[in-house]
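Let's take a friendly walk through this structure, one contact surface at a time. Here is the model to keep beside you as you read.

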Amino acid sequence: MNFQEIILRLQNYWGKQGCIIQQPYDVEKGAGTMNPATFLRALGPEPFNVAYVEPSRRPTDGRYGENPNRLQHYYQYQVILKPSPDNVIDLYIDSLRDLGIKPEEHDIRLVEDNWESPTLGAWGLGWEIWLDGMEVTQFTYFQQCGGYDCNPVCAEITYGLERIAMFIQNKESVFDIEWVDGITYADVHHQGEVDYSYYNFEYADIDTLMTMFNLCEKEAIRIAEKNLVLPAYDYVLKCSHLFNLLDARGAISVTERMSYILRVRNLARMVAGEYLKQRRRLGYPLIKDEKLRQELLAREEV
Amino acid sequence: MVRDLIFEIGVEEIPAAYMPKALEDFKNNALESLNKARLHYEEVKSLGTPRRLTLYVKGLRERQEDAVIESRGPKKAAAFDQEGRPTRALEGFARSQNINVEDIEVREVNGVEYVFAVKTEKGRETSEVLPSLLYELVKAFSFPKSMRWGGYSFRFARPIRWLLALYGEEKIVFNLENITSSNYTYGHRFLSPGRLEVKNAGDYFKVLENNYVIIDQERRKELIWQQIEKVASELGGRPLKDEDLLDEINYLVEYPTAFAGSFSSSYLEVPKEVLTTTMIENQRYVPVFDREGRLMPVFIGVRNGTGEFIDIVRAGNERVLKARLEDALFFWKEDLKQPLDKMAEKLGHILFHERLGSVMDKVKRITNIALFIGEKYRLSHGEKIRRAAYLCKADLVSNMVYEFPELQGIMGRYYALNHGEDEEVSQAIFEHYLPRFAGDELPGTETGTVLSLAEKIDNLTGFFAMGIKPSGSQDPYALRRQAMGIVNIVLDKGIKMDLYAVLEKAYQEVLPFRPERGKEETREEVLEFILQRMRGIMLEEGISYDVVDAVLACPSGDLVDIMNRAQILKDFRGDALFTPLMTVFNRCYNLSKKWESPEVDTDVLQDETEKVLYLKYEEVKDEVERAIDKGDYRMALVRIAGLQSYVDDFFNAVMVMVEDEKLKAARLGILKSIVKLCNKIADFSKIVE
């Protein structure tokens, strides 16, 4: 099964489970969690089931394309099920079956892993899912997001697409993954890994990035105050990515680190708060049970 | 009649680390509620796997024991009028208790007669009591972290997915959120799909066993270890016995099968601590050593399942380990490219604590404290201490320690040796973190010893000076463990160190960081904190409370001296001279308790006995002080005990509390002097005879 078949199968599987198949978000981000389809939709009382591929950037993980297991740009397959269904683990296991992985023939384990994103003010409890000792998925029940309690709680399933592909195709290097007939992962992404590693570690201009961080922070605050949630959130994402770049460049001392994280978290919190208000103003349109909808709207007025 | 009860809470995989305590709590809570509900049983057990917490009550009686409930009413005097007829008060009480006035009993409580309503409450059927009892048991769990799921508000370690409650053949039915308890369970997640009906409590274990679940954690653990040993012996080696690892593995599987895997021996060039840490921490594999104690290029994994398709599982695990070892090898080679002192230069970039500066700052403090200790107590050499202190934190900037923080010190030692540092200096880098946990080894070299003390004293002084102290269960910087480390090292090595002086030096080092607390306050608090650990250690040594209190009431910065005093006093208890000693102390102490001054105006002394006593005291005082200087507290005690006859003569001959103020002062002064002399060893008033 080649790389794009894996993606297509997952799209197909989760689509059949009633998920909206969204597309990647067009701002740089460190993980699928930061896509507004997760970060914002996890908030508030409305149900939301969604699945999408997310290109993710972790500048510090770059290895100039020389390490077979580390990339500064990689793909996650993200599924959000809100509220988390009672059979959510079975649903996940069935998705593996759909990828041709028969659980009976392997050793699948759910090993405690508590997820926390200090920059997003988000945390949850769950597991890393091990497939014959390899962590292939991160499974989290969101408890808080942007500092707000999640109610109902969603389940977040994040597949490491490269790892699953390496497993299925029995490859020892991520670059050897077959993307489609005759084309490897290296063909598509190797030069990018090299270029970005040089940029992230050696050539990114620190002053420029710092100036951009400050500008984006200011803009995020300015727009959030005008209740424009999504545009404000874009600038939060930009801040987060700029911070990661500065970090990779070694430009942030340990003392400053915490203060940068706090700045991004404050922005995330602010946007989360605005989003909650906005959904309420809209009258929680995704709640189809009219009685419940009215109840929720009435309850919070008190 | 009795029946067995099985109550199973089916969950999504609970963190392995939570399980031991969860199972213990489950059992204890169950015992408590059963007793409280007057439900008799033969035995209560709690059993568990990652997916279930099960309570097994053997021989649970079918009915609660009857209860006699006595409620006290008004006084008899108020309950009956003069003719002995019930008053309104009594009638009201009887009504509220729902009994007839004729059935009221009169009893005496502390000499006063009251009326009592005595009722027998018939025990209810156990199966009526169980639903709410079991529900409360689920609620009673507490975990380090708990969560909500779906749209429910119940909290648990991980979502609860089913409840099985069977009392004999009878289902005990109750609701928890969307779940209704029933007689269905589930087997192994993959080997036994679908729910399983259990006909009666007795069948439960068999149903699970047939469906690839070994519920008894003790049995499962034993089985895992047997399998591991077998696989290891087939490989020609011995498995590492790591209880924590074994416990974790045990709570990651329902049906264990151990298997062997291997890796290329080319990775063996990486230090073995790195390899075993990777295996244990990342993968939960058991490392294997050959007969000579060398790490073998193999590992043992434990699969959750049977031996079927084990080759696929092995191949997958080998591939994962290979990738990890490849990383480790890369880090090792990268780190070796730069000498340790180059790494040390970068410590200014790593924050130690926002109030206490960078790690570089910390290294400077440790250096000065260590040099002070080394010089003052003639340990190691200035040059070695300086070098080891400079290098001791350098590995924090290495790739390997960044990846595996628990290898700090261990990697430092490797890197130092690799770049030709002195043997003892290299060893001291590792040793300055010792002891890392209760029962861990202590530093072996003098340089390591000095550095380890300096490291811990700086931590305690630094944090206390900033007002950061452990409270209750909160001790984020593990200061208790460090204080304990200081006590253990000092006592083990017999270092006659004056903590007052060392803590003063340490405080000076913290001064540039603008402490919140003053010098005296910090020093007193840290010393008190260390003496608290000392107290614990003395009690563990079998020294009784009163001796410990007596010795600590006369504090000192010299822990060896404190221990010595305590040991000798403990032994002296069995000595024939103990009673005379206590007589001397008690007679002097009792009268002079409220007297401050040990001044004695010898000119006013009248009686021969008091003159002799004072003379003898002065003789003994010199001897006692000489003995104490030599640490010979036994001799000191013997000398003081020798005063007994003079003290007795004195009390037989004179009255202390006389009208003549000057004479009284002199006599009390003698007594006070003797008490003060005793106090150089211990405060004997704390001794329980």
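Chain A and chain B bury about 3800 Å² between them, and carbon and sulfur atoms account for 51% of it. Buried area here is the accessible area (1.4 Å probe) that two parts lose on being put together, summed over both. Of the area that chain A buries against chain B, Asp86(A), Arg109(A) and Leu125(A) supply 14%, more than any other three residues. In terms of contact (heavy atoms within 4.5 Å), 44 residues of chain A touch 42 residues of chain B.

This is a predicted model: local features need pLDDT of at least 70, side-chain atom pairs count only at pLDDT 80 or more, and totals for chains, interfaces and linings use all residues. Side-chain values use heavy atoms, with hydrogens and water left out, residues are numbered from 1 along each chain as its sequence is written, and chains are lettered from A and ligands numbered from 1 in the order in which they are written.

## Charges and strands at the chain interface

The interface of chain A and chain B holds 5 salt bridges, each a side-chain nitrogen of Lys or Arg within 4 Å of a carboxyl oxygen of Asp or Glu. Arg189(B) and Asp90(A) meet in a salt bridge at 4.0 Å, N to O. Several elements of chain A each supply at least two residues of the side that touches chain B, including helix 3 (88–98), strand 5 (122–131) and helix 8 (254–281). Strand 4 of chain A gives the most, with 7 residues. Helices (H or I, at least four residues) and strands (E, at least two) are DSSP runs, numbered from the N terminus.

## Two domains within chain A

The domain assignment, which is automatic or taken from a database, divides chain A into domain 1 (3–202) and domain 2 (205–297). Their centres, taken over C-alpha atoms, are 22 Å apart. Between these domains, about 2800 Å² is buried, with 66% from carbon and sulfur atoms. Leu40(A), Glu46(A) and Thr119(A) supply 22% of the area that domain 1 buries against domain 2, more than any other three residues.

Which side chains meet in a salt bridge at 2.7 Å, N to O? They are those of Glu46(A) and Arg279(A). Helix 5 of chain A gives the most to the side of domain 1 that touches domain 2, with 4 residues.
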